[in-house]
Amino acid sequence: MRLGFAVKVLGRPGLKSDDSRRWMNSPHLRVSLGYLEAIFDYLQERRICMYRISSNIAPYITHPDMPQFHRQIEECAGELERLGRKARALNLRLSMHPSQYIVLNSPREEVYQAAVKDLDYHARFLDAMGLGPEAVVVIHGGGAYGDKQAAMERFARRYLELPARVRRRLVVENDEKVFSVSDVLWLHERTGAPVVFDHLHHRVHDPDGWQTREAVATCLATWPQGVVPKVHFSSPRTEPRSTGRGESDPLPWQHGDWIDAREFAGFLRECEGLAFDVMLEAKKKDLALLRLREELRGMGMDVDCCDAERG
DNA sequence: CGATGTCAAGGAATC
DNA sequence: GATTCCTTGACATCG
């Protein structure tokens, strides 16, 4: 089982995850790839072998009014291929997770079209790195728009019309408000898209009352033979949020700073015998992963097998 | 240098 | 129909 974290590296000051300068300063994928390679080196050092790449790695690449940014993948083809080889040598599992603005089932035609463009960018990026089928692109089901059944049908119909290179990468994750595990399993039935089980979202939004192990096992079964499935795990935030005026309780689906090791160990016990990788979503990012790994070791659970020293 | 405003983009609740 | 929240950091500008 591999443990991963998302996007931002906190364990080493100065490591950036993308070139986030604004358009007037001509940010570029070339710069981001320099950052990415430094992150790969850091991952190897820490023996972390799963990582979510920033979706902003290629700045403005799908911005409708900025065609000068649209060919960054082609402009970096050689470098992408080289970095992909390096990732494979490190046994690094990579993935991406487009932002909230990518909504495949939106009733607005322009939002739908923009989503297709953006998903295609993600697929082309991973293809250009020459990564295998474990390198997936994760999205949510989208909105309900007052008629969830129609919204689900729209997702399925549009999924089936996506370019093949997008369909090969796309997986769907249950969310905390609209698309439950049952709903994304329905989407899988219609589309074949594998399901990423998100543990916290499921705890917060499970209208059908699944047993955890059953829910996980059913989601894992949606993945093709030979591809290790992946789940998301996070612990809820506990400390109050400080807003403009005063403090308020954390919302139940917000990510905490760290992963609660006992809770995680309990989850793994429930999932005994099932095989999957785990993407950790904690605000302390890699620091949370490293701490969790140590705490599990202290509990006698040496879960993370990583071959990152090869290469 | 520190404080503050801003960033491409959506959806849903609220008024 | 317009506003605010969600959530977030870091860039960019201004004093």
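Residues are described here as buried when their relative accessible area is under 20%, as exposed when it is over 50%, and as partly exposed in between, with a 1.4 Å probe and protein chains only. The structure is a predicted model, in which local features need pLDDT of at least 70 and side-chain atom pairs count only at pLDDT 80 or more, whereas totals for chains, interfaces and linings use all residues. Residues are numbered from 1 along each chain as its sequence is written, chains are lettered from A and ligands numbered from 1 in the order in which they are written, and side-chain values use heavy atoms, with hydrogens and water left out.

Two residues other than glycine were found with a backbone angle of interest. Most residues other than glycine have a negative phi. Arg-47, by contrast, has a positive phi of about 55 degrees and is found in the loop between α1 (29-46) and β2 (50-53), helices (H or I, at least four residues) and strands (E, at least two) being DSSP runs numbered from the N terminus. Arg-47 counts as partly exposed because its relative accessibility is 39%. Tyr-145, with a positive phi near 55 degrees, is placed in the loop between β4 (137-140) and α5 (148-160), and its relative accessibility of 40% makes this residue partly exposed as well.

A search of the whole structure finds 21 salt bridges, each defined as a side-chain nitrogen of Lys or Arg within 4 Å of a carboxyl oxygen of Asp or Glu. In one of them the side chains of Glu-281 and Arg-52 meet at 2.9 Å, N to O; this pair links distant parts of the chain, since Glu-281 lies in the loop between β10 (277-280) and α11 (285-298) and Arg-52 in strand β2, 229 residues apart. Both Glu-281 and Arg-52 are buried. Lys-283 and Asp-257 also form a salt bridge, at 3.6 Å from N to O, and because Lys-283 lies in the loop between β10 and α11 and Asp-257 in the loop between β9 (247-248) and α10, the pair ties together parts that are 26 residues apart in sequence. Lys-283 is partly exposed at 35% relative accessible area, as is Asp-257 at 24%.

Leaving aside neighbours within four places in sequence, Asp-198 is in contact (heavy atoms within 4.5 Å) with Glu-173, Asn-174, His-232 and Glu-281. A polar atom of the Asp-198 side chain also lies 3.1 Å from the backbone nitrogen of Leu-200.

In helix α10 (residues 261-270), the buried residues are Ala-261, Phe-264, Ala-265, Phe-267 and Leu-268. They cover an arc of only 155 degrees around the axis, which puts them on the same side of α10, the arc being that of the directions from the helix axis to the C-beta atoms. The face turned away from this buried side carries the exposed residues Arg-262 and Arg-269. Asp-260 caps the N-terminal end of α10, with a side-chain oxygen 3.0 Å from the backbone nitrogen of Arg-262.

Note on methods
Polar contact = N/O pair within 3.5 Å; in protein donor to acceptor, adjacent residues only side chain to side chain.
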